[in-house]
Amino acid sequence: MAEEKLRIGQRIFIFTMESDEQYISSVYDMDKKGIYVPIPFANKHPLVLAHRQQVRVKYMGEGSAYLFVTETLGRRVEQDKLPMYILRHPKDSEITRVQLREFARVPVMLNIEYAEQVADDKQPKYKRVSTVDISGGGLKFASKEPINQGTKLQLRVPLFLKAKKKSEEFILSARVMRCQLIDEGAKVYHIGVKFTDIRPQQQDMIMAFVFERMIQIKHRQ
């Protein structure tokens, strides 16, 4: 059962059942008939929906994200305003709450590079590794060698954002928070790092990737 209800003025993210592309809109109004949302857009492209077409909706709460499946009931057109879709109200039992804790963390394998931070007059020596998971606050990667807790790293993290339809490489500072031996025979370590000095725009884009991935995982279940 959802703990936080959808409210007027709230930003929402809409996905079709066939795609993980994220369209953004907001709640303009609500009444007994349904939820009124202006036509959602992704990169200036409107989302065109048929009558009774099912969609997935995500909205954010305090420390949680909420996901539900609904359908379009029709359209509402007001003078000098964008046309709006009318979405069916979900039942409480149809809303899935995703606990974010500090940041949502999702499993994903990405090829990234890391290097220990060095003085400005020296070139960092990057090593290629694969991630285990990622969040807006940090990530975990697999390494064939241990890295001491507290070590400062520089990361190169490429992400493909479906909503933007392009890849972005993030150069991020990080600090090792934990190092755990996972496979003694193969000498594989999991290195958990926390991002430091990350810009809000970078964090927002990483969170967008995280939620795209979260929707993908839920859609496959």
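**A salt-bridge network**

Guide: Glu 94 is partly exposed, at 31% relative accessibility. Here, buried means under 20% relative accessible area, exposed means over 50%, and partly exposed lies in between (1.4 Å probe, protein chains only). The model is predicted, so local features need pLDDT of at least 70 and side-chain atom pairs pLDDT 80 or more, while totals for chains, interfaces and linings use all residues. Residues are numbered from 1 along each chain as its sequence is written, and side-chain values use heavy atoms, without hydrogens or water.

Glu 94 has a partner. Its side chain meets that of Arg 88 in a salt bridge, 3.2 Å from N to O. The term means a side-chain nitrogen of Lys or Arg within 4 Å of a carboxyl oxygen of Asp or Glu. Arg 88 is partly exposed too, at 24%.

Arg 52 and Glu 71 form a salt bridge at 2.8 Å, N to O. This pair links distant parts of the chain: Arg 52 sits in the loop between strand 6 (45-46) and strand 7 (54-60), and Glu 71 in strand 8 (residues 64-76), 19 residues apart. Strands are DSSP runs of E, at least two residues long, numbered from the N terminus. Arg 52 is partly exposed at 47%. Glu 71 is buried at 17%.

Arg 52, Glu 71, Arg 88 and Glu 94 are linked in a network of salt bridges. The count by this rule comes to 10 salt bridges.

Note on methods. Helices (H or I, at least four residues) and strands (E, at least two) are DSSP runs, numbered from the N terminus.
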